[in-house]
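Subject: Structure handover

Hello,

Here is the structure for you to look through. My notes on what was found follow below it.

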Amino acid sequence: MGYTLNFNLIWRHFDKLWGGLLLSLELAVISIAIGIVIGLVLAVWYVSAGRVVRAIIAAYVEFIRNVPLILLVYLVFYGVPTVIDLAYSAPTSFVLTLSVYSGAYLVEVFRSGLEAVPRGQLDAGKAIGLTPWQRLIHVRLPTMLRITLPALSNTFISLFKDTSIASVISVPELTYGAQWINFNTFRIVEVYLVTTAMYLVTGYTLLFALRLVERRFRTAR
Amino acid sequence: MLSQILYALPFLAEGFAVTLWVSLLVVVLSLVAGVLLGVGLVYGPAPLRWVVRIFSDTIRGIPILVLMFFVYYGLPAVGVHLQSFWAAVLALTLFKTAQVVEYVRGAVASIPKGQSEAAMAIGLTFRQRLTSVIFPQAFRRFLPPWINGVTDAVKGSALVSLLGITDLMQAINQVIGRTYEAMPLYILGALIYFAVNYALSYASRRLEQRFAFIRD
Amino acid sequence: MATSSNNSPALLDIAEVSKSFGSVAVLRSVSLQVAKGEVVTIIGPSGSGKTTLLRCVNFLESYDSGSIRIDGKEVGFRPGPARNSGTRQRRSERDLAAMRAETGMVFQSFNLFPHLTAAGNIMLGLTKVRRKSSSEARSIAEHWLGRVGLAHKADSLPAELSGGQQQRVGIARAVAMEPKILLLDEITSALDPELVGEVLAVVKSLAEDGMTMVMVTHEMAFARDASSRIVFMADGGVSAVGPPKEILAAETTNERLRTFLARFRASHF
């Protein structure tokens, strides 16, 4: 192995990686925010809906979970505009895809969370005279959120990693930045070492921070 | 439009065969590597446990795409030349192996301590305890998540298209390049992936039910 | 049978065994001899070290000092005087397995192997440790299942059996190995009250056959009726030991025993 590491060119173009990392985080945050809304609405709807609605929501969840993300990214960016007269940028297209994608996973998370809320809590809510809507807002959702927080953190971390797929439609996130430096400097090993380190440090920092938040929630209540 | 797609079907079928071949290789190779490393993680000496733990946490902490580019572009730079097909298989296998390691660890950890003690009490040696008591039970707990995870391998295989390998994903893109029928072809592709993966997850659910007795 | 160098007639000889978890002493210089054919029950409040003592006998747990011998053979450590450093050498994994095969243990939580049938549970040790053919092991398993009244359940999985039935299989699994001594660790504590009787009946019949047993239990009536001696443990030590009548009479002189029995009666009768 006659390869000598030289990071100079990487540092010269580091703004591509740093800017990319920030964009990756931004994509992940916006997507999970929308995904949470989709997941919550559909999960609450699911547990109280009839058979038809349940089947439709289940079909959405199963479809998204069983198709490669990269195909969904292509489908939304290249496919959808050919049938609907709609123009959107690559980042918007990707956020749209990742939101729908995370929504499908979060429906499952929230649905099982809602079902895990102990019956006794709902009975207690009834006993003090709360309306169904009040029971949902004040009893069921807060308990469910605490139950699902770990799964929510995990989903967010994996969405952060999934943002690397955005590079295939030229969204200039972290993986795209790495590819750019790779092709323009040929310091291949260096750029992927640095990129890998950035994903790892960011991912594990997020994980650590989210675990702290979870612990806070558990003890505060 | 329909005739164009029909015309493209044999080509898509070839791509689909590559998708299945990549998935199969990754699943089999990662199973072997993952079980060995997983057992090493649970029962191995401390240095081995550390190496496996770091391997697993590192691999699971980076996007598969980055891992694949790293392997594909990085190996030639350090003098290792692999065909793109094998570079892709290697990267996906590394990723899947880290998952299998965690399934193995979880499965073994889920066996109550009393099982080991009861096996000790009748005089079984360490190896006998593993082969006669722990592994048969751990296997049943390992199987459902593992089969479920096979769908990840099939989905992950779509990334090999980015290294110019003509799998189903790449075949679809190429047909779209000729016919400009993007939407129907992506939907067709999605349905094919869906059919394969849904069948796999159905199978895993059936297996879970079959081994449900173990959860008493 | 007993080694000539050993002048004690005891089958099980526990001598000054001490053990602590960190700064907490769980066993304080416990000594106890059990002769062949004896049934010794250990009673005492929780945290008194009863279960730990039992688990030291087949070396599921190690101890810090003292010795435990079965038939004159040190259980967990290599024979001979301590090496120059004073630290004892643990037996090899293989040796330990062979030693453990000489004692049988029945657990509070049954610990049947869920992937094996009732007969399979019993046959495992017979084929793997005793190296018997599977047909021979099968007939031994059927014999013992008959003894515990479960001949018809030979091919049932543990999940298909009631708690009492599972525990009877657990007993059959232990005695089928023909152990020199049987250790029973609160074997009825996890059972519904109506299932306790069937399990104790099996233990009683084994006692009548002359099986040597050491039993940790909360079944005071059983301890009184079935045991040759009762050991009362408190705070990691043996507080009183003797025939049941003597122990129950010692209530007048042993305050800890009095408190224990009083609390016991209050909650159980």
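Start with chain C. Its domain assignment gives domain 1 (12–102 + 182–268) and domain 2 (114–178). The bounds come from an automatic or database domain assignment. The C-alpha centres of these two domains of chain C lie 25 Å apart.

Before the rest, some ground rules. This is a predicted model: local features need pLDDT of at least 70, side-chain atom pairs count only at pLDDT 80 or more, and totals for chains, interfaces and linings use all residues. Residues are numbered from 1 along each chain as its sequence is written, while chains are lettered from A and ligands numbered from 1 in the order in which they are written.

Domain contacts in chain C. 12 residues of domain 1 touch 11 residues of domain 2; contact means C-beta atoms, placed from the backbone, within 7 Å. On the domain 1 side, helix α6 (residues 193–208) of chain C gives the most, with five residues. Helices (H or I, at least four residues) and strands (E, at least two) are DSSP runs, numbered from the N terminus. That side of domain 1 of chain C has 10 nonpolar, no polar and two charged residues. Here Ala, Val, Leu, Ile, Met, Phe, Trp, Tyr, Cys and Pro count as nonpolar, Asp, Glu, Lys and Arg as charged, and the others, Gly among them, as polar.

The sheet in chain C. Four strands form an open sheet in the order β2-β1-β4-β5 (chain C), with antiparallel pairing. β2 (24–34) and β5 (73–74) of chain C stand at the edges with a single partner strand each, so one side of each has no neighbour in the sheet. Two strands pair if DSSP finds at least two bridges between them. Strand β4 (residues 65–70) of chain C and β5(C) are joined by two bridges, in the antiparallel sense. C:Arg69 has C:Glu74, in β5(C), as its bridge partner.

Chain B against chain A. 28 residues of chain B contact 32 residues of chain A. α8(B) gives the most to the chain B side, with nine residues. By class, that side of chain B has 20 nonpolar, seven polar and one charged residues.

Chain B against chain C. 19 residues of chain B contact 24 residues of chain C. α5 (113–121) and α6 of chain B each supply at least two residues of the chain B side.

Confidence. Chain A averages a pLDDT (the predictor's confidence in each residue, from 0 to 100) of 90, and 98% of its residues score at least 70.

Best wishes

Definitions and conventions. Two residues are in contact if their C-beta atoms, placed from the backbone, lie within 7 Å.
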